[in-house]
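I opened this entry to look up a few local features. My notes follow in the order I took them.

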Amino acid sequence: MNIILLSGGSGKRLWPLSNDIRSKQFIKIFKNENGELESMVQRIYGQIKAVDPDAVVTVATSKSQVSAIHNQIGLDIGVSVEPCRRDTFAAIALATAYLNCVMNVPRDEAVVVCPVDPYVEDSYFECVNRLYEAASKGEKNLTLMGIEPTYPSEKYGYIKPKKNDDGTDGWGFTEKPTAEKAQEYIDGGALWNGGVFAYKLSYVLDKSKELLGTDNYDELFSNYANLKKISFDYAVVEAETSIDVLRYNGEWKDLGTWNTLTEAMTDPIIGDGALNDKCSNVNIINELGIPIIGMGLKDMVISASPEGILVSDKEQSSYIKPFVDEIDQRVMFAEKSWGSYRVLDIEESSMTVKVTLNPGNKMNYHSHDKRDEVWTVIAGSGRTVVDGMEQLVRPGDVITMAAGCKHTVFAGDEGIQLIEVQLGEDINVADKHKYEL
C-alpha cells in the first residue's frame, strides 16, 4: 500500500506543548503496548505498519517539521517537503509527483491520502487498505472514506448521497453545516468527510497537468510559491462524478483542542504532577522538571512546557488561540533529526541551551560570526571537532569556541548531553555557516 500522510499546521490551540516547530501530531501523550509515550504520528505510523508491514509511507509537510518526523519515525520514511503553504491540492499534487518522479512508483499504482492526526482504532487502517484495493481496481476515479456520524456535528464536512443528472446514484459534498442541517443530512444517509481518499497516481498527475500546468516534481517544487492556492476537495472531489465511498464505523476523533485531546489520554497525569481526591476530570501534562499539584479542581487541564504554562477550564481551552497569538518569544524547545534542544535561560547578551544528541548523531560542522560558545558536557560521551582538532569528551569536560571558530560534536553509543552557553550582543538563528567535514 502506498499512503500519503498530510502533516501540517502549527497547532496553536494546543499551546504550550505545540509551537511554530512542534505541531500537535508530535506531542507524546499516548502510551504504546510497551508503556512508552508516543505521539499521534508515531501511533498512526505503527497502526499502518500493523495492517501492512510493506506499506510505503510518505509524509507531505513543511520544512520545519522534517527534523521532528525523522526524530520520531526514523529515516525509513519518504518526506515530500512543501516549500511554502499552498493549500491541499498543491500539496497532494506535489506528493503524488514525488512518489512518481522521485520514488519511481508507476503511474498506474494506487495511493491513499489521509491526515496524520486523527485518533482512530486499527480498523480505520483496515478500511484505508480497502480504499487502496478499490482504487487499484480502477473502477472509479476516486474512492473516499465516509465516516458513520455519531452526532450532528457542526465541525465536519459531509458526504451526501444524491442522484446524478443522468439518474445514477452519486455523492455530493457540503462544508460544516448547522447542527439542525447536519441532523437532516444524517437522516438522509450522509457520512462525515474525514479527508481520506484513494486514486491511481495517473489521475492526480493528469489533474496537476490540467490545473497547475505540469505533473513534473522538479517543476512543481521550483514553482511551488506561484501554484494556484486551492483545496483538493474544491479542485477535484466536488467536480468528480466517478466516485465510490466506503463506510467506516469505528472510533474516529479529531484531537484538535485540549478538551478532545485529554479525552484520549489513558493516564490523567503525564510528567511530574499530583491531584488530590477532590479533583475530577482534571489532566496534567508537564514537560518541565518541576512538580505541579492540583487541589480540588474540576474539568481542568494544566499543561506546562518551556513555552509557558496553561491552566484552563477544558471547555474554555478551545478559545486560547488569540491569546497565544499575542505572545512574542523565540521557540524554546524543538525536536531535531539528531536529538533535541531546550532553551534554559535568556539574558541580554547570553542564552543557555540544553542540547541532547541521540546515539550516533552529530551536529553540522558550523561557525557563528557574532557569538562565542561554551559547551559543558553533562552526560554521555562523544567526540568534538574544533577548527579541525578532535577531542574525546565526557561529563565535566568544557569546550570553548570563539566567534568564527568551526565546531561540531559527535555523540557516542550512549548519546551525549551538553549545556551550551551562547555569548554575544546579537544572538540569532540566522548567524550560522555550515561546512563540509
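I looked at the residue just after helix α4 and found that Gly138 takes a positive phi of about 75°. The model is predicted, and I read the angle as a computed value.

I then checked the length of α4, which covers residues 122-137. At 1.5 Å a residue, its 16 residues should span 22 Å, and the end C-alpha atoms are 24 Å apart, which agrees.

Which residues of α4 are buried? I listed Tyr124, Phe125, Cys127, Val128, Asn129, Leu131, Tyr132 and Ala135. An α-helix has 3.6 residues a turn, so residues three or four places apart point the same way.

Next I searched the whole structure for disulfides and got zero. Cys114 is in no disulfide either, and its nearest cysteine sulfur, that of Cys127, is 11 Å away.

Cys114 counts as buried, at 0%.

Last, I turned to Ser367, which lies in strand β23, residues 365-367. Ser367 has a relative accessible area of 1%, so I noted it as buried. Its side chain makes a polar contact with the side chain of Tyr435, at 2.8 Å. Leaving aside neighbours within four places in sequence, I found Ser367 in contact with Gly404, Cys405, Lys406, His407, Asp431, Lys432, His433 and Tyr435.

Methods: Residues numbered from 1 in each chain as written. Predicted model: local features only at pLDDT ≥ 70, side-chain atom pairs only at ≥ 80, totals over all residues. Heavy atoms only, no water. Disulfide = S-S within 2.5 Å. Buried < 20%, exposed > 50% of the residue type's maximum accessible area, 1.4 Å probe, protein only. Helix = DSSP H or I, 4+ residues; strand = E, 2+ residues; numbered from the N terminus. Polar contact = N/O pair within 3.5 Å; in protein donor to acceptor, adjacent residues only side chain to side chain. Contact = heavy atoms within 4.5 Å. Expected span 1.5 Å × (residues − 1).
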